[in-house]
Amino acid sequence: MTRAPLRLDAARAIVGFAFAESLRRRVFAVVLVLTVIFLALYGLGSYFAFREVENLGLGGAALIDERQLTGSTVFGLAMFATLFLGAVLGTFLTIGVVRGDAETGLLQPLVVRPLGRPTMLVSRYAGAAAATVIYVLGVYAIALGLTRVLGDYTPDSVIAPGLALAAAAAIIAAISMLASVFMASTAQGIAVFMIFGAGLVGGLLGQIGSALDSPSLERIAEIVTWVLPFEALYQQALYLISSETLGITGALVQLGPFGGAQQAGAGLVVWAAVYTAAVIALAVAGFARRDL
Amino acid sequence: MTSAFLAEDLRKHYGPKQALRGVSLEVADGEVVGLLGPNGAGKSTLAKIACGLVAPTAGVATIAGHRAGSLAARQAIGYLAELFRFPGCASADEVISLHQRLAGSPGGAGERAELLELVGLADAAAVRVSAMSKGMQQRLGIAQALIGSPRLLLLDEPTSALDPAGRRVVRRLLAEVRSRGVAVLLSSHLLGEVELICDRVAILVDGEVVERGTPAELSSARGVEVETASGTRVIEAAGREDAPRIVAELVAAGERVYGVRVLASTLEDSYLEAVGEQPG
């Protein structure tokens with residue numbers, strides 16, 4: 001209701017509280033189990049993929065770099081899974097933060113304290129986003145290591161795609177935080193994953209539009225990536241892992257099942273930052289007006 | 001000196017529903033004021049406006065002279081909601097510690113130990129909230145409301161989950177905080193508790209204060225019942241001190257008096273009369 005000065009100790013206390021709540025809700029345990037399953041399957045899949053493709057001898061004519069093709073494809077899959085798991089974590093770390101916690105009576109004792117609603121909401125987002133970013137970077141690094149060990153493959157760009165994925169997951173967490181102000185927990189979770197799905201469908205439409213040379217589909221995809229910039233960041237990340245791969249291999253990588261790679265303009269990072277700030281500002285405004 | 005809490009013509013609409021219709025109320029320092037009323041009467045809304053959880057549609061509420069909900073006002077209050085929950089994985093000590101940090105209280109471990117002792121949870125400092133009974137959680141809630149020595153304590157149904165022993169602890173605790181000059185606005189359904197604890201009582205019905213006064217005033221004599229040969233009659237507006245005169249007058253008038261009874265209403269009678277005996 002009122003503006004209060006930012007108190008760092010109180011903000012840190014809120015972040016700690018958020019982590020404790022996440023532990024209680026077993027968010028980390030669920031995501032950890034999913035992550036282990038994914039990485040195990042990914043390692044197994046990568047091992048066989050590299051071995052089988054090598055046996056096919058596609059690179060005999062030296063037209064196709066089979067390691068590059070296989071590596072880009074499986075690592076593209078890993079990036080999709082990493083983003084998905086990051087979206088799961090980002091969403092569940094922000095589930096019920098406002099309306100859900102208010103309905104169970106968890107929020108009121110905290111909100112009456114003299115720290116201000118904006119501080120509380122931004123602190124909770126900062127905590128959730130930090131955990132999500134660290135998680136995405138960690139899974140990305142492990143997947144990168146597995147691909148390197150199992151297939152001797154290193155993407156054309158190593159750091160930037162990981163950062164783009166982490167930023168995409170942080171945007172999803174921001175959208176989830178905004179949804180928590182207006183929706184009950186279940187509705188919030190459903191809405192966020194539908195938005196996540198809509199972004200991916202937008203990316204696929206763009207890919208199809210590009211293949212069919214359909215300006216309408218490409219225009220729709222472009223609008224989707226502006227409205228949901230996490231998708232643009234994901235496409236940019238995919239693009240970066242094979243941006244220097246040329247020739248037939250490059251063309252095949254672009255057509256791969258987990259492609260959808262699209263080079264973004266220089267403004268994407270700025271737009272993503274502005275978009276995230278605007279989403280959080282909307283959440284703060286909605287929270288400030290909300291009767292609890 | 002400003003009142004600990006002052007509400008002037010406070011109104012609150014939730015869509016078409018009017019939760020408060022011009023409530024005015026004052027709580028002085030060191031005073032315990034009870035809010036009575038059926039469910040939906042507006043008691044919780046009034047407490048929530050006082051602590052800034054709900055914005056009033058019209059009217060003014062101030063805490064120690066500061067607008068309710070402002071930073072200064074929130075620094076002066078302690079609040080226990082009717083429906084509240086603490087993180088299940090946190091211990092009693094950790095809950096108090098978290099709220100100390102949020103309140104900016106410099107009390108540290110000493111304050112934590114004192115508050116847990118005050119609510120009878122000294123031995124449960126390390127017990128997790130998830131392992132506590134509802135009554136223990138409610139006492140922990142009262143302890144967190146007392147962090148930082150607030151000037152006004154807002155307690156919404158603080159004894160609803162407590163057993164008789166727990167209620168006695170809360171009664172003693174409220175007497176203690178009152179002696180320290182803390183003002184208390186206590187919302188409750190338990191008329192007996194209110195009668196024992198509160199200096200003044202306000203009865204809310206449909207968002208309006210329909211009755212207010214001290215428990216003694218609200219429990220005042222309601223007449224003298226006299227049984228004579230011609231039947232039983234009630235002389236209204238008469239009290240205990242009027243009984244000898246009434247009997248003398250009746251005897252002088254030739255009536256035979258068989259019995260006299262001073263009718264004293266309880267707070268419950270006043271409450272039920274005020275709310276029209278509507279179920280909560």
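In this predicted model, helix α5 (residues 134-145) and helix α6 (residues 164-179) of chain B pack against each other, their axes coming within 11 Å. The axes cross at roughly 10°. Angles under 35 degrees count as roughly parallel, so α5(B) is roughly parallel to α6(B). From α5(B), the contact takes B:G135, B:R139 and B:I142. From α6(B), the contributors are B:G166, B:V169, B:V170 and B:L173. By class, the contact of α5(B) with α6(B) holds four nonpolar, two polar and one charged residue. In general, a packed helix pair is described by the angle and the distance between the two axes.

Helix α1 of chain B covers residues 43-50. Eight of its eight residues are buried, so α1(B) is largely enclosed by the rest of the structure. The buried set includes the nonpolar B:L46, B:A47, B:I49 and B:A50. After α1(B) comes B:G52, with a positive phi near 85°.

Leaving out residues up to four places away in sequence, B:A50 touches B:F5, B:A61, B:I63, B:A68, B:L154 and B:L185. B:A50 is also one of the residues that touch the most other members of the largest nonpolar core. That core has 167 residues. From chain B, B:L152, B:V184 and B:L185 stand in this group with B:A50. From chain A, the group takes A:L165, A:A168 and A:A169. Helix α7 (residues 159-182) of chain A gives the largest share of the core, 16 residues. As a general rule for soluble globular proteins, nonpolar side chains tend to be buried together.

Chains A and B also meet in a contact that takes 25 residues from chain A and 27 residues from chain B. On the side of chain A, the elements that give two or more residues are α1 (8-24) and α5 (108-111). The largest share of that side, eight residues, comes from α1(A). Its residues divide by class into 15 nonpolar, four polar and six charged.

The overall make-up of each chain was then examined. Chain A contains twelve helices and zero strands. Its pattern along the sequence is α-α-α-α-α-α-α-α-α-α-α-α. Chain A has 292 residues, of which 51% count as buried. Among its contacts between residues at least 6 apart in sequence, 81% join residues at least 24 apart.

Chain B has ten helices and 13 strands. Of its 280 residues, 42% are buried. For contacts in chain B with a separation of 6 or more, 68% are between residues 24 or more positions apart. The C-alpha trace of chain B spans about 75 × 45 × 35 Å along its principal axes. The domain assignment divides chain B into domain 1 (5-214) and domain 2 (221-264). Taken over C-alpha atoms, the centres of domain 1 and domain 2 of chain B are separated by 45 Å.

Note on methods:
Residues numbered from 1 in each chain as written. Chains lettered and ligands numbered in written order. Predicted model: local features only at pLDDT ≥ 70, side-chain atom pairs only at ≥ 80, totals over all residues. Contact = placed C-beta atoms within 7 Å. Helix = DSSP H or I, 4+ residues; strand = E, 2+ residues; numbered from the N terminus. Domains from an automatic or database assignment. Core = buried A, V, L, I, M, F, W, Y, C linked by C-beta atoms within 7 Å. Buried ≥ 20, exposed ≤ 12 C-beta atoms within 10 Å, placed from the backbone. Axes fitted to C-alpha atoms, helices over the stretch in contact; angles between N-to-C directions. Parallel < 35°, antiparallel > 145°, perpendicular 65-115°, else oblique.
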